[in-house]
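This report examines selected contacts within one protein chain. Please consult the sequence and the three-dimensional view while reading.

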Amino acid sequence: MNDTSASRADSQTRPAGTVRILVWDAPVRVFHWLMVASFVGAWLTAESERWRLLHVTLGYTMLGLVGFRIVWGLVGTRYARFAEFVRAPAAVARYLTGLVKGSPEHHVGHNPAGAVAILAMLLATVAVGVTGWASYNGTGGEWLEELHEGAANALLALVVLHVVAVLASSLMHRENLITAMITGRKSGQADEGIRRARWAIAALLMAAVLGGWWAQWRTAPVAPAAGHAAGAGADTQAGDKDD
């Protein structure tokens with residue numbers, strides 16, 4: 001078993017000897033679901049001034065997660081590495097052709113088309129995060145806010161496309177890819193699995209995210225209490241009358 005060797009692509013029908021193997025390590029799974037939760041949360045709070053700090057915190061979280069994914073894509077386990085699943089345009093075209101014909105190649109890790117979507121979502125997340133940070137800190141003007149919103153809409157479109165593709169692939173390959181991203185296991189040959197889930201790295205990633213949330217909220221400005229604000233307003237009005 002070799003963590004650095006390329007994945008095998010074969011026909012849709014798996015050869016004899018197929019077993020459940022560990023494909024997605026724990027850091028990849030934790031990254032994936034943290035990204036899902038952060039994106040959903042950021043999208044739901046995008047138009048709310050009351051939840052502005054939460055929106056910003058989740059945006060920073062997504063940027064940090066992308067940074068981690070880039071590093072893990074270089075030094076992570078077999079199927080986490082970009083060198084494992086990023087393919088040339090010809091391979092993407094061949095996979096899409098098979099998909100249209102109803103007989104797509106089976107890949108233990110990400111398929112070539114899925115790899116394109118992943119890279120596009122990572123780049124779009126960086127665009128959303130950078131424009132959001134700049135807008136939040138007063139850099140630029142209304143045009144930057146519109147650019148941030150446009151990048152967020154593009155990311156949403158990519159996410160929807162990704163979900164549809166996952167559901168379609170699950171049906172065509174007769175394998176639940178959503179469950180695989182929870183358990184880390186898929187069907188394959190015994191020698192195609194990775195050795196360890198790397199839970200220690202996943203725990204460090206989760207701790208870093210929680211620590212970032214704590215630091216962000218610890219330094220957040222405290223909003224004045226409603227009673228205090230009302231009292232201040234009443235004092236002002238009384239002062240005006242006295243004048």
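## A buried glutamate and its partner

In this predicted model, glutamate 175 is buried, because its relative accessible area of 8% falls under 20%. Arginine 20 is partly exposed, at 47% relative accessibility. These two residues form a salt bridge, in which the closest N and O atoms are 3.5 Å apart. Glutamate 175 is located in the loop between helix 6 (142-173) and helix 7 (177-183), whereas arginine 20 belongs to strand 2 (residues 19-22), so the pair ties together parts that are 155 residues apart in sequence.

## The other salt bridges

The structure holds three salt bridges. One of them joins the side chains of arginine 94 and glutamate 105, with an N to O distance of 3.1 Å. Arginine 94 lies in helix 4 (residues 89-101) and glutamate 105 in the loop between helix 4 and strand 3 (106-107), so this pair links parts that are 11 residues apart in sequence. Arginine 94 is partly exposed at 47%, and glutamate 105 is partly exposed at 23%.

Another salt bridge connects glutamate 49 and arginine 52 (3.2 Å, N to O). Glutamate 49 is exposed, with a relative accessible area of 62%, while arginine 52 is partly exposed at 24%.

## Packing of helices 2 and 5

Helix 2 (residues 52-75) packs against helix 5 (residues 112-136) at an angle of about 140°, and their axes are 9 Å apart. Helix 2 is therefore oblique to helix 5. Their crossing is left-handed.

Among the contact residues are Arg52, Tyr60 and Leu63 of helix 2, together with Leu122, Gly129 and Trp133 of helix 5. The residues of this contact comprise 10 nonpolar, two polar and two charged.

Note on methods:
Residues are numbered from 1 along each chain as its sequence is written. This is a predicted model: local features need pLDDT of at least 70, side-chain atom pairs count only at pLDDT 80 or more; totals for chains, interfaces and linings use all residues. Side-chain values use heavy atoms; hydrogens and water are left out. Axes are lines fitted to C-alpha atoms, for helices over the stretch in contact, and angles run from 0 to 180 degrees between N-to-C directions. Helices (H or I, at least four residues) and strands (E, at least two) are DSSP runs, numbered from the N terminus. Angles under 35 degrees count as roughly parallel, over 145 as roughly antiparallel, 65 to 115 as roughly perpendicular and the rest as oblique. A crossing is left-handed if the near helix is turned anticlockwise from the far one by less than a right angle, and right-handed if clockwise. Contact means heavy atoms within 4.5 Å. Ala, Val, Leu, Ile, Met, Phe, Trp, Tyr, Cys and Pro count as nonpolar, Asp, Glu, Lys and Arg as charged, and the others, Gly among them, as polar. A salt bridge is a side-chain nitrogen of Lys or Arg within 4 Å of a carboxyl oxygen of Asp or Glu. Buried means under 20% relative accessible area, exposed over 50%, partly exposed in between (1.4 Å probe, protein chains only).
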